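Please examine the sequence and the three-dimensional model shown below. The paragraphs that follow begin with a single residue and then widen to the whole protein.

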Amino acid sequence: MAISYFIQSKKDYAPIWIRYREGKTDAKCRTRISVERDRLVKGNTVSYRRTDGSPEHKVAIDKKNDALNIVQDKLDSLKREVQNAINITDGIIDSQFIKNIVHPTENVNLLSTN
């Protein structure tokens, strides 16, 4: 079982996609988590490096890295949720299955309108 993250857009700031692959199964779904395109490498966020010794630069870089740490925490949490759901299901795992985990509130709204 492989769960990974990737960016499918050429925009500078883009949404992150989650992908599950195993055997012939290949399911993916867009998340609501966005990041600068060059900050996601091999499914993980990459921190900024300090290039200037000024205090203002240090504070700015630290704020950006704090935001990236929050994004990475969200990605790790989402990955655990998807893994747990996959481990307990005996149904078909497809893009809709992944979407139901990634966007649970949308599914509740769909069920309540019927």
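Predicted model: local features only at pLDDT ≥ 70, side-chain atom pairs only at ≥ 80, totals over all residues.

Lysine 64 counts as partly exposed, with a relative accessibility of 42%; here buried means under 20% relative accessible area, exposed means over 50%, and partly exposed lies in between (1.4 Å probe, protein chains only). The residue belongs to helix 1.

Residues are numbered from 1 along each chain as its sequence is written, and side-chain values use heavy atoms, with hydrogens and water left out.

The protein has 3 helices and 5 strands, where helices (H or I, at least four residues) and strands (E, at least two) are DSSP runs numbered from the N terminus. Along the sequence these elements follow the pattern β-β-β-β-β-α-α-α. The protein is more spread out than a compact globule, because its radius of gyration is 17 Å, well over the 13 Å that the globule rule gives for 114 residues. That radius is taken over C-alpha atoms, and the globule rule is 2.2 Å times the number of residues to the power 0.38. Along the principal axes, the C-alpha trace spans about 55 × 35 × 25 Å. Of the 114 residues, 33% count as buried.

Side chains of opposite charge can pair when their charged atoms come close. The structure holds 4 salt bridges, a salt bridge being a side-chain nitrogen of Lys or Arg within 4 Å of a carboxyl oxygen of Asp or Glu.

One of these salt bridges joins the side chains of arginine 19 and aspartate 26, at 2.7 Å from N to O. Arginine 19 is partly exposed, with a relative accessible area of 24%, and aspartate 26 is likewise partly exposed, at 43%.

Another salt bridge brings together arginine 50 and aspartate 62, again at 2.7 Å from N to O. This pair links distant parts of the chain: arginine 50 lies in the loop between strand 5 (44-45) and helix 1 (55-88), whereas aspartate 62 lies in helix 1, 12 residues apart. Arginine 50 has a relative accessible area of 49% and is partly exposed; aspartate 62, at 23%, is also partly exposed.

Aspartate 62 has a further partner in lysine 58, with which it forms a salt bridge whose closest N and O atoms are 3.5 Å apart. Lysine 58 and aspartate 62 are separated by about one helical turn, because they are 4 residues apart in helix 1. Lysine 58 is partly exposed, with a relative accessible area of 39%.
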